[in-house]
Amino acid sequence: MEKKPDTNQCIRGRHPNSVTVSASFLLHLSSVLGVAITYWVAQNFFFINLISNPTQTLILLWVVQSPILILLFSLLRQDPQQCSYWKAVGRGIIGLPIGALIMAFCGVMLGAPIGIQDLGKTVNWSLLMSLFTIVPTACVFGSSCKDWLRIFAHTEPGGVIDIIICVPSHGALLGAWFGAWPMPLDWERQWQEWPVCVSVGAVAGYLIGIVVSLGFVLVVGERRELVKEE
């Protein structure tokens, strides 16, 4: 009787700290479809969008994306023999509000409004940013300081898993940064209000980061094939 292949082996290949190109593609495809479908549902069923109703739209985005990213990135957890799948899921759930606090603090330090009327916008923007940046790293690496520093401080991804976490995360951060530039301009447009620009920038940067990371993953995969042939 043939033994069925283990899920982790199908995702990671032979190396426990790597991941197959096809698994990387499916993970990112699920994330992109989640964003696209959520935004389509928001516009066509709830008749809201980031410009007219930023708070409600942000809530939909992070509520739908949270289970997708947490459940999928938990499959890529480091040392799967020592860390169970559900422990990784728990790390992602805990990382979401902790990351939101960090993002909210950074946003306020960089000029985000702190009034009561903007509290809901700031909280939900922070949760979305945490989901794009902190949560995948928490699911995969937990509290490993060395890995967090490698991903965010040194920006030195060492493998496929690092790449699919690092590049979209930095894309979201850079997108939010560049998205904030039009806010102080005296154009008096609705889309300049907090947090419309930074939210659109973050989502766009995240999606661009996904495309770029897939390009890097393909290059890494080709290099491994060449090494095997040699």
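## Helices α4 and α5

The axes of α4 and α5 come within 6 Å and cross at roughly 135 degrees. The two helices, α4 and α5, are therefore oblique to each other. The handedness of the crossing, as α4 passes α5, is right-handed. Sorted by class, the residues in the contact of α4 with α5 are 15 nonpolar, eight polar and one charged. These values, like the others in this report, come from a predicted model.

G99 belongs to helix α4. With a relative accessibility of 0%, G99 counts as buried, because the cut-off for buried is under 20%. Apart from neighbours within four places in sequence, the contacts of G99 are S130 and I134. From C-alpha to C-alpha, G99 and S130 are 4.8 Å apart in space, although 31 residues apart in sequence.

## The chain as a whole

The protein chain has eight helices and zero strands. Its pattern along the sequence is accordingly written α-α-α-α-α-α-α-α. The chain has 230 residues, and 45% of them count as buried.

The accessible surface of the protein chain is about 12800 Å², and carbon and sulfur atoms account for 68% of this surface.

## Helices α5 and α7

Helix α5 covers residues 119-141 and helix α7 covers residues 160-179; their axes come within 10 Å and cross at roughly 165 degrees. An angle over 145 degrees counts as roughly antiparallel, and α5 and α7 are therefore roughly antiparallel to each other. The crossing in which α5 passes α7 is left-handed.

On the α5 side, the contact is made by W125, M129, F132, T133, P136, T137, V140 and F141. On the α7 side, the residues are I161, D162, I165, S169, A172, L173 and A176. By class, the contact of α5 with α7 has eleven nonpolar residues, three polar residues and one charged residue.

## D162 in α7

D162 sits in helix α7 and is one of the residues through which α7 makes its contact with α5. What is the relative accessible area of D162, and is the residue buried or exposed? The relative accessible area of D162 is 6%, and the residue is buried.

Neighbours within four places in sequence aside, D162 is in contact with F141, R150, I151, E156 and P157. Of these, F141 is among the α5 residues in the contact with α7.

## L69 in α3

L69 is in helix α3, which spans residues 54-73. At 1% relative accessibility, L69 counts as buried. When residues up to four places away in sequence are not counted, L69 touches S31, S74, L131, F132 and Y206. One of these, F132, also takes part in the contact of α5 with α7.

A further C-alpha separation can be given for L69. L69 and V89 are 20 residues apart along the chain, and their C-alpha atoms are separated by 9.7 Å.

## Backbone features in the loops

Most residues other than glycine have a negative phi, and most peptide bonds are trans. Which residue in the loop between α3 and α4 (85-109) can be set against this background? D79 lies in that loop, and its phi is near 55 degrees, a positive value in a residue other than glycine. D79 is partly exposed, with a relative accessible area of 37%.

The loop between α7 and α8 holds E188. Phi of E188 is also positive, near 55 degrees, and E188 is a residue other than glycine. E188 is exposed, with a relative accessible area of 72%. The loop between α7 and α8 (196-229) also contains P195. A cis peptide bond, with omega of about -5 degrees, joins W194 and P195.

Note on methods
Residues are numbered from 1 along each chain as its sequence is written. This is a predicted model: local features need pLDDT of at least 70, side-chain atom pairs count only at pLDDT 80 or more; totals for chains, interfaces and linings use all residues. Side-chain values use heavy atoms; hydrogens and water are left out. Axes are lines fitted to C-alpha atoms, for helices over the stretch in contact, and angles run from 0 to 180 degrees between N-to-C directions. Helices (H or I, at least four residues) and strands (E, at least two) are DSSP runs, numbered from the N terminus. Angles under 35 degrees count as roughly parallel, over 145 as roughly antiparallel, 65 to 115 as roughly perpendicular and the rest as oblique. A crossing is left-handed if the near helix is turned anticlockwise from the far one by less than a right angle, and right-handed if clockwise. Contact means heavy atoms within 4.5 Å. Ala, Val, Leu, Ile, Met, Phe, Trp, Tyr, Cys and Pro count as nonpolar, Asp, Glu, Lys and Arg as charged, and the others, Gly among them, as polar. Buried means under 20% relative accessible area, exposed over 50%, partly exposed in between (1.4 Å probe, protein chains only). Accessible areas come from the Shrake-Rupley method with a 1.4 Å probe; for residues, only the protein chains shown count as cover.
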